[in-house]
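Below is a brisk report on one protein model.

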Amino acid sequence: MKLDILVFGVHPDDVELSCGGMLLAEKLNGKKTGIIDLTQGELGTRGTIDTRKAEAAAAAEIMQVDIRENLQMADGFFVNNEAHQRKIIEAIRKYQPEIICCNAPEDRHPDHGRSSGLVEDAAFLSGLRKIETVIDGLPQAPWRAKYVFQYIQDKYLHPNFVIDISEVMDKKLEAIKAYTTQFNSTDNNEPQTYISSPDFLESVIYRSKMFGKMIGVNYAEGFISKKMIGFNTFDAFIKRNT
Ligand SMILES: [Zn+2]
């Protein structure tokens with residue numbers, strides 16, 4: 001299946017928190033979307049591999065993505081090397097996305113920046129025909145997405161562009177809340193963490209409000225692009241008084 005947009009996240013829930021709104025908005029826009037989680041988040045303080053797997057599946061349904069896969073790399077210990085790049089290259093060639101999104105280039109959690117570099121490197125290498133990969137016994141064709149964008153996570157980074165998610169903000173929050181062991185959860189016996197208090201969920205909302213304010217809408221998500229973004233016409237721009 002060919003996808004329009006493929007989003008990589010190192011931990012299940014990274015995508016929901018940072019660009020779940022974009023995925024929902026693009027789904028309304030008729031696009032084929034997918035998520036690939038690099039790890040099962042097995043080092044997370046709360047929850048287990050099984051609970052996180054069930055939560056990721058529930059969130060995927062809320063976000064109506066066409067595919068969600070898990071590459072089962074080692075949480076905390078994966079590295080940016082050939083073996084890991086090849087796993088990402090195989091996924092990119094399998095789904096042939098026009099746009100790839102990946103983790104923030106630097107963040108509170110060191111996995112995020114490392115994952116970002118890994119996906120970025122693999123996204124480039126995927127276009128080289130002399131790197132041979134195989135799927136179901138058949139050789140894969142090289143594929144390079146037109147854009148690789150990094151979404152913004154916990155640490156504030158200045159975005160190069162923001163996407164209006166006002167229409168889908170409620171659904172985005174619903175997808176985040178599908179991770180019942182991770183967020184806004186005070187009713188079980190596991191230790192509280194940086195992300196499990198109601199304050200954290202509130203911070204996701206005010207970050208979206210802040211990005212929204214930059215373009216005169218209620219809520220938005222921010223992205224970084226190393227490549228210059230071109231438009232065919234000014235008609236694609238949001239025109240609000242800001
Ligand atoms: Zn994460």
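In which helix is Met22 found? Met22 is found in helix α1. Helices here are DSSP runs of H or I with at least four residues, strands are runs of E with at least two, and both are numbered from the N terminus.

The model is predicted, so local features need pLDDT of at least 70 and side-chain atom pairs count only at pLDDT 80 or more, while totals for chains, interfaces and linings use all residues. Residues are numbered from 1 along each chain as its sequence is written, and side-chain values use heavy atoms, with hydrogens and water left out.

Met22 counts as buried, at 3% relative accessibility. Buried means under 20% relative accessible area, exposed means over 50%, and partly exposed lies in between (1.4 Å probe, protein chains only). Not counting residues up to four places away in sequence, Met22 touches Ile5, Val7, Cys101, Ile163, Ile165, Glu221 and Phe223. Contact means heavy atoms within 4.5 Å. The C-alpha atoms of Met22 and Ile36 are separated by 15 Å, with the two residues 14 apart along the chain.

A nonpolar core is a set of buried Ala, Val, Leu, Ile, Met, Phe, Trp, Tyr and Cys residues joined through side-chain atoms within 4.5 Å. The largest one has 32 residues, of which Val7, Met22, Leu23 and Phe223 touch the most other members. At least two residues each come from β1 (5–9), α1 (14–28), α2 (49–63), β7 (147–151), α5 (169–177) and α6 (198–215). The largest share of this core, six residues, is from α1. Another core lies apart from it, with 24 residues, including Leu6, Ile89, Tyr95 and Ala122. In soluble globular proteins, nonpolar side chains tend to be buried together.

Beyond four places in sequence, Val7 touches Val15, Cys19, Met22, Leu23, Gly34, Ile35, Ile36, Cys101 and Tyr151.

**The zinc site and Val10**

Three residues coordinate the zinc ion at 2.1 Å: His11 through ND1, Asp14 through OD and His112 through NE2. Donors are N, O and S atoms within 2.8 Å of the metal (3.2 Å for Na, K and Ca); water is not among the atoms, so sites may look incomplete. The donor spacing in sequence is H-x2-D-x97-H. His11 and Asp14 are both buried.

Val10 lies in the loop between β1 and α1. Its relative accessible area is 0%, so Val10 is buried. Leaving aside neighbours within four places in sequence, Val10 is in contact with Leu38, Thr39, Phe78, Asn103, Asp111, His112 and Ser115. The C-alpha atoms of Val10 and Thr39 are separated by 5.6 Å, although the residues are 29 apart along the chain. Ser115 is found in helix α4 (residues 110–125). Ser115 is also buried, with a relative accessible area of 0%.

Gln64 is among the contacts of Thr33. Thr33 has its place in strand β2 (residues 33–39) and counts as buried, at 0% relative accessibility.

**The pockets**

On a 1 Å grid over the protein atoms alone, a pocket is an open set of points where a 1.4 Å probe fits, with protein on both sides within 12 Å along at least five of seven lines; lining residues have an atom within 4 Å of a point. Points are joined across faces, edges and corners, and a volume is the space filled by probe spheres set on them.

The largest pocket holds about 950 Å³ of space. Of its 32 lining residues, Glu26, Phe161, Val162, Ile163 and Phe231 are the closest to its centre. The lining has 22 nonpolar, four polar and six charged residues. Ala, Val, Leu, Ile, Met, Phe, Trp, Tyr, Cys and Pro count as nonpolar, Asp, Glu, Lys and Arg as charged, and the others, Gly among them, as polar.

The second largest pocket holds about 720 Å³. Its lining has 35 residues, and Leu17, His112, Asp154, Ile195 and Phe200 lie nearest its centre. One of these, His112, also coordinates the zinc ion. α6 gives the most to this lining, with eight residues. By class, this lining divides into 11 nonpolar, 13 polar and 11 charged residues.
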